[in-house]
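Subject: Structure handover

Hello,

The structure is pasted below, and my notes on it follow.

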Amino acid sequence: MSIINNINKAFDHRIRLGIMSVLMVNDYADFNMLKELLGATDGNLASHTKALEKEAYISVEKQFIGRKPNTRYAATKLGKAAFKKHIDALEKLIGKN
Amino acid sequence: MESKKYLEDISEIKNMMSRSSRFISLSGLSGILAGVYALIGAFMAYQVLGDLRTGQNFIERYTGAMSVLEQLLLIAASVIILAAGTGIILTHRKSKKSGEKIWDVSSKRLVLNFLIPLVAGGLFCLAMIQQSHFGLVAPATLIFYGLACVNASKYTLGAVRYLGITNIILGLISTQFIGYGLYFWAVGFGVLHIFYGALMYFKHDRT
């Protein structure tokens with residue numbers, strides 16, 4: 001049961017899982033990069049990033065590149081630790097069966 | 001049932017991590033062809049230099065009077081354009097298959113990091129030609145090309161790293177054999193491309 005408890009509900013979705021995976025290996029990723037990689041629509045991606053932001057797993061930085069607004073995301077320390085725990089739990093669950 | 005979903009999650013994580021950090025559609029076949037072009041180019045350059053000794057001219061028959069340096073530059077430029085063109089076309093085809101965009105964040109990062117040492121090296125070599133230090137041009141091209149590959153390899157398939165390291169070593173060895181630059185070129189740009197291109201082709205292209 002304890003392993004099941006380590007499965008994090010916040011990552012229990014393909015898009016959110018993808019966002020965290022990208023941010024684990026990249027210092028940061030901007031909105032369009034995530035959109036391209038995950039094949040998500042604007043609204044869909046925005047709602048998932050917001051959910052992760054609410055958990056304080058990712059940080060959001062809004063800035064302007066020239067005149068264009070640019071939103072970029074980075075994984076927080078908390079988010080990285082939580083995601084690692086989630087991956088460990090997944091691997092243990094697979095190994096068990 | 002549950003464990004199948006977990007397995008899917010794990011493979012999705014792996015897929016996203018590698019796709020977001022590395023450009024994996026690089027075509028191995030284009031490496032092989034680039035090597036073949038380089039060998040043909042080296043052979044033509046050998047002819048041109050040979051003509052220099054015999055007094056007969058190989059390209060001049062077709063293009064009118066050109067200096068040896070111009071002929072060599074023409075050959076080099078043709079090889080580069082052909083190799084880059086083939087690389088872009090084949091990589092484009094491969095990226096279509098794997099669903100990876102050819103001009104996305106990872107490929108831009110790859111090209112940029114490849115070009116930084118390469119452009120620096122290219123300018124350095126032009127400066128050496130300008131100052132008439134011809135002997136070290138061939139070693140320098142190999143060394144800088146190797147550095148470019150090593151630098152770019154962080155963002156693409158692992159074989160590129162070994163291609164780079166081998167070229168750097170070859171370039172350094174060739175500094176001790178001035179005058180044999182063409183042979184080292186043929187090995188570095190020709191044989192090594194074919195070897196590592198084939199390695200990449202059998203490992204990645206055919207999956």
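Helices (H or I, at least four residues) and strands (E, at least two) are taken here as DSSP runs, numbered from the N terminus. Two strands count as paired if DSSP finds at least two bridges between them. This is a predicted model, in which local features need pLDDT of at least 70, side-chain atom pairs count only at pLDDT 80 or more, and totals for chains, interfaces and linings use all residues. Residues are numbered from 1 along each chain as its sequence is written, with chains lettered from A and ligands numbered from 1 in the order in which they are written.

Chain A has 5 helices and 3 strands, in the order α-α-β-α-α-β-β-α along the sequence. Its C-alpha trace spans about 50 × 25 × 20 Å along the principal axes.

Strand 3 (residues 68–75) of chain A runs antiparallel to strand 1 (residues 29–30) of chain A, with 2 bridges joining them; A:Asp30 has A:Arg72 as its bridge partner. Strand 2 (residues 58–65) of chain A is also antiparallel to strand 3, through 8 bridges, and A:Lys62 stands opposite A:Thr71. The hairpin of strands 2 and 3 of chain A has 2 residues between the strands, and there A:Gly66 takes a positive phi near 65°.

As for the contact between chains (C-beta atoms, placed from the backbone, within 7 Å), chain A contributes 18 residues and chain B 15 residues. On the chain A side, helix 2 (14–25), helix 3 (31–38) and helix 5 (77–96) each give two or more residues, and helix 2 of chain A gives the most, with 7 residues.

Regards

Definitions and conventions: Two residues are in contact if their C-beta atoms, placed from the backbone, lie within 7 Å.
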